[in-house]
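Here is a quick tour of a two-chain model. Have the viewer open and follow along.

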Amino acid sequence: MFSVNFKEKVNEIISRHNNDKKKIISIIQEVQKEYHYLPEEVLVYIADTLDISHAKIYGIATFYENFSLEQKGKNIIKICDGTACHVRDSIPILKAIYKELNLNDKNNTTDDMLFTVETVSCLGACGLAPVITVNDVVHPKMTPEAVVELLQNIKKEAL
Amino acid sequence: MIKNYSELVSFAQSYKKSLDRQRKKVLVCAGTGCVAGGSLAIYEKIKSLIKESGLLVDIDLTKEEEGIGVKKSGCHGFCEAGPLVRIEPCNYLYLHVKLEDCEEIVYKSLKEGKPIERLMYRSNGALYKTQEEIPFYKKQTRLVLHNCGHIDAENIQEYIGNGGYKAAATALAMDPKDICKLITDSGLRGRGGGGYPTGKKWSQVLSQSNVVKYVVCNGDEGDPGAFMDRSIMEGDPHKIIEGMLISGYATKANNGYIYVRAEYPMAVHRLQIAIDQAMEYGLLGDNILDSGFSFNIHIAQGAGAFVCGEGSALTASIEGERGMPRVKPPRTVEKGLFECPTVLNNVETFANIPIIISGGIEEYKKCGVENNSGTKVFALTGNVVNTGLIEVPMGTTLEEVIFDIGGGIPNGKKFKAVQIGGPSGGCLIFDDSHLNLPLSFDSLESVGAMIGSGGMVVMDEDTCMVEVARFFMSFTQRESCGKCIPCREGTKRMLDILEKITAGNGTLEDLNLLYEIADTVKNTALCGLGKTASNPVLSTLQYFYDEYYAHVVDKVCPAKICKGLAEITIDPKTCRGCSKCARTCPVGAISGKIKEPYVIDKNKCVKCGACIEACPFKAIKEA
């Protein structure tokens with residue numbers, strides 16, 4: 001169950017978009033910004049408020065890669081595996097991260113909810129390949145060693 | 001608020017004067033690449049150092065006295081060497097600038113006007129003081145990127161001071177039909193990849209009798225390895241707005257949308273600033289420059305779906321639907337956004353419009369080759385020395401781009417292939433004979449490739465082309481929207497086969513089946529994504545069949561990339577015979593005597609790599 005009292009906030013977001021069904025993607029985007037994921041209760045509430053079916057909002061929320069129905073970790077790490085990063089060896093970096101955080105491609109959030117690891121297809125910083133972002137801050141020219149150090153620093157800060 | 005043409009001219013003159021009063025300018029690159037390298041901190045440091053040193057800083061173009069302009073500019077393009085700092089008017093370009101360098105920059109370069117040679121570009125022993133001398137820039141023709149890296153992207157006054165919005169003002173006094181004809185005559189073709197004549201598209205929208213029409217700018221640059229649209233949106237957002245405004249007037253559309261992918265937060269931020277400023281100055285909104293024409297621009301953000309780069313999927317996404325393509329016709333020019341006639345052009349296409357209007361078509365056509373006028377921006381990345389954003393006239397050869405501008409392949413490796421236009425732009429150009437090929441829509445099509453959006457990823461001899469095909473297929477398969485069967489099922493099956501081959505289990509029959517599926521998907525898929533999804537497979541099969549053959553028959557990966565085909569061996573010289581590997585091996589493939597070198601039985605080995613990690617002497621290697 002999503003325990004936060006969300007109605008006031010969600011109402012505000014919806015009314016800022018004039019209760020317009022066509023703005024549904026922007027609305028979901030802002031809601032996700034607020035809660036870092038899309039809790040089921042919130043999606044149902046938005047659908048009912050805008051008078052669209054639950055199936056439709058579920059369809060939209062699952063179609064776009066940026067939307068998540070599951071809770072994510074505090075630090076979101078995105079590893080670019082676009083073409084430029086791929087040919088400059090992004091996979092060893094991904095492997096190093098998985099190993100350091102004890103994760104894999106099926107289970108990509110750490111149990112302590114500190115990290116979520118995602119691969120993305122291109123961050124548009126190809127000149128600096130291979131890159132990763134931690135909470136949207138770009139870290140250029142990564143190596144497996146550097147990424148482990150970076151993760152350890154974040155862990156230390158979290159303590 | 002600028003009310004009419006003559007006011008715009010006088011505004012431009014006064015901004016120009018303010019700009020000229022800035023005797024010296026420091027341009028700190030604030031493109032995504034350099035920001036990642038810490039350029040914003042450098043900007044702040046330089047600003048405060050100048051203040052401390054008693055020199056006058058001029059940020060907002062308001063000072064009457066002479067001051068030093070400090071600006072956050074858009075992307076300079078030479079991302080490899082960032083963070084970049086450019087000093088005008090001497091045009092010094094400093095590379096890899098660090099916070100510690102700021103003091104020297106302020107005192108030596110700004111106060112005394114001297115160059116700092118250790119921060120300048122060097123190649124083969126030669127020193128290149130100015131940006132213009134550096135080979136990376138020298139061979140380029142920067143029309144679309146002209147302002148990128150030279151003006152403050154967040155300041156409309158700089159854009160106007162450099163002649164901005166003059167083309168729009170000119171166009172607003174023309175007949176819409178004449179503008180469409182002018183664009184047609186200029187020979188401008190859509191820079192998003194298709195190469196459809198822009199003027200023709202506009203004329204088709206103009207000829208529709210509907211009252212409501214739209215102009216949509218496609219900034220959903222989803223191709224991995226491409227970032228030219230991002231750099232234009234971040235570095236010169238007003239040029240796009242001006243292009244859209246002209247397009248709106250020429251096609252009698254009053255509303256525009258810019259669709260930007262969510263991965264580009266800085267582009268969204270700068271575009272929003274630019275739109276707000278244009279509204280404030282009366283260059284968007286009602287009755288623009290007293291022409292009676294009204295135009296508004298909205299930003300629509302994507303949410304992470306590659307297929308939304310396709311026209312009908314993009315408009316569906318703006319409408320708040322799942323971004324899935326629909327069957328055409330009707331085409332977007334007839335029924336596009338909200339079922340209304342819509343001009344849908346790419347970012348770079350719109351950025352070309354003001355250049356054509358203000359410079360005239362004769363001037364514009366001087367650049368480029370027959371039927372391919374103008375320039376094209378490419379994002380040069382991968383295994384190449386100088387990565388970054390480049391702009392060259394259409395018709396420039398691949399060799400000039402990769403070797404003269406890009407500086408060739410690093411680490412003394414050999415050139416193998418270049419991939420242009422993304423995974424479903426699907427165009428790989430291989431072997432040396434293609435190096436002389438002029439880059440244009442038509443010439444690339446003649447070798448079975450296409451210019452695509454302009455992402456150019458260079459690959460060296462260590463790249464396995466089968467793996468590359470697998471990589472692209474996994475991308476397209478993931479991004480397939482699932483609406484039509486050929487794409488949904490076909491990409492999945494092709495990926496299965498490619499995975500089987502790279503794992504070392506492929507057969508010759510698989511190659512035939514792969515070809516058959518690729519051909520079917522190409523001919524039957526619904527949209528551009530599906531139709532071109534096979535291209536990486538078909539082109540690698542065509543040009544690198546021997547590599548496929550080596551994978552399935554000889555069971556080797558010539559580039560030694562595919563793990564499944566690797567052979568794990570123990571170096572007898574390094575092995576001390578500790579037996580740890582034999583005890584770790586899950587299939588009992590390693591045997592030997594204590595204190596003597598151990599050996600791996602190739603037939604039993606499953607290549608799990610457990611022994612490599614277990615060996616305390618690093619004697620086991622994968623090759």
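What share of the contacts in chain A with a separation of 6 or more comes from residues 24 or more positions apart? The figure is 62%. Keep in mind as you look around that this is a predicted model.

## Chain A at a glance

Chain A has 7 helices and 4 strands. Reading from the N terminus, the order is α-α-α-α-β-α-α-β-β-β-α. Along the principal axes, its C-alpha atoms fill a box of roughly 50 × 35 × 25 Å. Of its 159 residues, 36% count as buried.

## Where the chains meet

Now for the interface: 32 residues of chain A are in contact with 38 residues of chain B. On the chain A side, the elements giving two or more residues are helix 2 (24-35), helix 4 (54-63), helix 5 (83-87) and strand 4 (137-139). By class, that side of chain A splits into 16 nonpolar, 11 polar and 5 charged residues.

## Helix 4 of chain B

Over in chain B, helix 4 covers residues 102-111, and its buried residues are Cys102(B), Ile105(B), Val106(B), Ser109(B) and Leu110(B). Viewed down the helix axis, these buried residues fall within an arc of 115°, so they line one face of helix 4 of chain B.

After helix 4 of chain B comes Gly113(B), with a positive phi near 75°.

## A helix pair further along

Helix 20 (residues 485-502) and helix 21 (residues 508-524) of chain B pack with their axes 10 Å apart, at an angle of about 155°. Angles over 145 degrees count as roughly antiparallel, and helix 20 and helix 21 of chain B are therefore roughly antiparallel to each other. Their crossing is left-handed.

Among the residues making this contact are Met494(B) and Ile497(B) from helix 20 of chain B, and Leu514(B) and Ile517(B) from helix 21 of chain B. Sorted by class, the contact between the two helices has 10 nonpolar, 4 polar and 3 charged residues.

## A buried serine in a loop

One last stop is Ser453(B), in the loop between helix 18 (441-446) and strand 18 (455-460) of chain B. Is Ser453(B) buried or exposed? Ser453(B) is buried, because 29 other C-beta atoms lie within 10 Å.

Notes: Residues numbered from 1 in each chain as written. Chains lettered and ligands numbered in written order. Predicted model: local features only at pLDDT ≥ 70, side-chain atom pairs only at ≥ 80, totals over all residues. Buried ≥ 20, exposed ≤ 12 C-beta atoms within 10 Å, placed from the backbone. Arc of directions from axis to C-beta. Contact = placed C-beta atoms within 7 Å. Nonpolar A, V, L, I, M, F, W, Y, C, P; charged D, E, K, R; others polar. Axes fitted to C-alpha atoms, helices over the stretch in contact; angles between N-to-C directions. Parallel < 35°, antiparallel > 145°, perpendicular 65-115°, else oblique. Left-handed = near helix turned anticlockwise from the far one by under 90°.
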